Amino acid sequence: MDDFQVDVLVVGAGNAAACAALAARETGASVAMLEAAPEAERGGNSTYTAGAMRVVFHGVDDLVQLYDLTEDEKRDVDFGSYTADEYLDDMGRVTNYRCDPELTDILIGRSFETMKWMRSKGVRFQPSYGRQAFKVNGKYKFWGGLAVEAWGGGPGLVDLEHKAAIKAGIPIHYETAAVSLIEEDGVVRGVIARHKGRKIRIGAKAVVLACGGFESNAEMRTRYLGPTWDLAKVRGTRFNTGAGINMALAIGAKPHGNWSGGHAVGWDMNAPEFGDLDVGDNFQKHSYPLGIMVNANGLRFVDEGADFRNYTYAKYGAVILAQPQQFAWQIFDSKVLDKLRDEYRIKRMTKVRADTIEELATKLEGVNQEQFLKTIKEWNAAVMTDVPFNPAVKDGRGTRGLAVPKSNWANTIDQAPFEAYAVTCGLTFTFGGLKITNEGEVENTDGQPIPGLFAAGELVGGLFYHNYPGGTGLVSGAVLGKLAGDGAGKYVAGKN
């Protein structure tokens, strides 16, 4: 691979990068993408996702613009709706109202149109029945504001986006990691990259950084997230090492957002250090609202039913990491086993099963058995069994008198068989990153755009603080990717 020149160079090859590349190409610019990974591991974290996408929609008439539905589905499925006001309320509530207001408005206001645009490029979507709908009285009812997911999950999304890029004449250079930005007189004019160990120079009139956060860099995790974060598992790619962020900071870009925070979930305790594409996102264990979680001391430590999973799962990984020995066990009885998500049925997981609670206690490795049995006894006495159980709504079926309450979906744990799943912290992506303008330009520490430099995806800071509404990552990547690609293309056109 030799040095080359292009109008717009996109660093990265995941969802945000692909949307940026496709948008820039629409402006008439020549475009190329750099992917640090080999082709078999392409797509960054996007490939590892389940594909949920949080988008504004007002009912089935909007959804049929994103995916095909049968007449039976239109009539018999309760898809609900998700308004811009609800989206804004969720973003504000889960981030403690710290989310950047202008970026959040762009995310919400452009979510539906961006996904329609993606469909026009050949990307396919489908209803998220398996993860976001419960059958209530024989009818599927969607919950938590999520009714759309990428066809084929993350791998399907990346595959279709890459096919669209190739069709548009956008080459994707694999095993080519950007090392540093080429800056001349304050203007970004390309990158120095490393292709299979050999450095090359790639000139560009505009560069879009869309190569992820720093979650795969143990040193940066410990420096910014804090002690024990070097021990966390990484859910996705091993290639998100913060390179794009560091390249931009080196030329004076402004840091922005929640640098001490990240999207972190409950993840199988014995999962590998980084994501495994054969398993995808199935090491996650997200049915905890239907059961309880206990730590090594045999104690509950969090309100498993504080809110729908969509609004708690991305912060509970950090809570698990803070427990003794950085693990927890999720406990369920037979009343809810048929409602556990699909990831509880894979072969590679840390699971135990027993016919009595006493037997289960002996199988919970690392847990204080005596205290666990006491916790179960106190739990069963505290459940508000007089309140009906309904997993599709916040049912108010909680507990009374416990030091750590449960607000919804509480069930006694007294009906065999019993199952338990061991989890630790799985870090998805980090929240700290670069400050961008409303046109996708990277700002410097003086608050001015850096000419020729744009950014999108996980390395943009300011959207997420402390927590994250499920399904927002892919949509923010797509929206900000298109924003940056449009901006880069217009910038190049203005230079010609």
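Exposed here means over 50% relative accessible area, and buried means under 20%. All views show a predicted model.

View 1. Helix H13 covers residues 369–382. From first C-alpha to last, its 14 residues reach 20 Å, close to the 20 Å expected at 1.5 Å a residue. Phe372, Thr375, Ile376, Trp379 and Ala382 are the buried residues of H13. Viewed down the axis of H13, these buried residues fall within an arc of 130 degrees, so they line one face of the helix. An α-helix has 3.6 residues a turn, so residues three or four places apart point the same way. Glu370, Lys377 and Ala381 are exposed on the other side of H13.

View 2. The bond joining Ala416 to Pro417 is cis, and its omega is near -5 degrees. Pro417 sits in the loop between H13 and strand E17 (418–430).

**View 3. Val479 in helix H14.** Val479 belongs to helix H14, which runs over residues 472–495. With 3% relative accessibility, Val479 counts as buried. Leaving aside residues up to four places away in sequence, Val479 touches Ile106, Leu107, Arg110, Ser111 and Thr114. Val479 and Tyr97 are 382 residues apart in sequence, and their C-alpha atoms are 21 Å apart in space.

**View 4. Tyr97, a loop residue with positive phi.** Tyr97 lies in the loop between helix H4 (84–94) and helix H5 (101–109). Its phi is positive, about 60 degrees, although Tyr97 is not a glycine. Tyr97 has 60% relative accessibility and therefore counts as exposed.

**View 5. Thr228, a loop residue with positive phi.** Thr228 is located in the loop between helix H9 (218–224) and strand E11 (233–234). Phi of Thr228 is near 75 degrees, a positive value in a residue other than glycine. Its relative accessibility is 31%, so Thr228 counts as partly exposed.

View 6. An unreviewed UniProt entry places the feature "domain: FAD-dependent oxidoreductase 2 FAD-binding" at residues 7–471. In the model, the end C-alpha atoms of residues 7–471 lie 32 Å apart. This span is 25% helix and 22% strand.

Note on methods:
Residues numbered from 1 in each chain as written. Predicted model: local features only at pLDDT ≥ 70, side-chain atom pairs only at ≥ 80, totals over all residues. Heavy atoms only, no water. Helix = DSSP H or I, 4+ residues; strand = E, 2+ residues; numbered from the N terminus. Expected span 1.5 Å × (residues − 1). Buried < 20%, exposed > 50% of the residue type's maximum accessible area, 1.4 Å probe, protein only. Arc of directions from axis to C-beta. Contact = heavy atoms within 4.5 Å. UniProt positions renumbered as here; feature names shortened; annotations may be inferred.
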